[in-house]
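Student: I've got a model open on my screen and I'd like to know where its labels come from. Can we go through a few?

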Amino acid sequence: MPISEIGFIPYIWLVIAVVLFIMESLTVQLVSIWLGIAALLTIIPAAMGATLVIQLSVFTISSVVLLILTKPFTKKLINQKKIYHTNADQFIGKTAVVIEEINNLNSAGRVVVDGLYWTARSENGDVISEGENVQINKIEGVKVIVEKLSAATCK
């Protein structure tokens, strides 16, 4: 149909959709895209000559439905925690030697394992003396979390 028969309103909805898609490409928050799709859907009643009230109703209802239906998916997608594995994970389970007393209350403690020095904290809060053998249970940032090895374990 020529523009004179359907009017210019569908083209306005098309421009709105394009602007919303551009906004989405700049923000990447997965909100504007659904509004853009709703604007594209609104072109249909606009091309059929529906009133502005009906067009706005179609836009509003389709926007709300799209946002509600996709919210769990987009929330999961955006809030994914990325776990970066490093070669530091190789130290988990290894035995280290305490070179500075480990005292969580004083934020003190260092160990050496395979020639590398690490800040250390006790997993259960015990004070661990210098020279003791410990096992590395996990790594939190730049600190190893350790537990004292019993005398039987060290032999």
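Student: Why is Val65 called partly exposed?
Tutor: This is a predicted model, and in it Val65 has 40% relative accessibility. Buried needs under 20% and exposed needs over 50%, so Val65 falls in between and counts as partly exposed. You'll find Val65 in helix H4.

Student: And what makes Ser63 count as buried?
Tutor: Ser63 comes out at 5% relative accessibility. The cut-off for buried is under 20%, so Ser63 counts as buried. Ser63 also sits in helix H4, which covers residues 52-78.

Student: Which residues is Ser63 in contact with, leaving aside neighbours within four places in sequence?
Tutor: Leu35 and Ala38. Contact here takes heavy atoms within 4.5 Å.

Student: What makes a group of residues a nonpolar core?
Tutor: They have to be buried, nonpolar types such as Ala, Val or Ile, joined through side-chain atoms within 4.5 Å. The largest one here has 14 residues, and Val111 and Trp118 are among those with the most contacts inside it. Strands E1, E2, E3, E4 and E5 each supply at least two residues of this core, and E1 gives the most, with three.

Student: Where does Ala38 belong?
Tutor: To another core, which lies apart from that one and has seven residues, including Ala17, Ala38, Ala39 and Ile43.

Key
Residues are numbered from 1 along each chain as its sequence is written. This is a predicted model: local features need pLDDT of at least 70, side-chain atom pairs count only at pLDDT 80 or more; totals for chains, interfaces and linings use all residues. Side-chain values use heavy atoms; hydrogens and water are left out. Helices (H or I, at least four residues) and strands (E, at least two) are DSSP runs, numbered from the N terminus. Buried means under 20% relative accessible area, exposed over 50%, partly exposed in between (1.4 Å probe, protein chains only).
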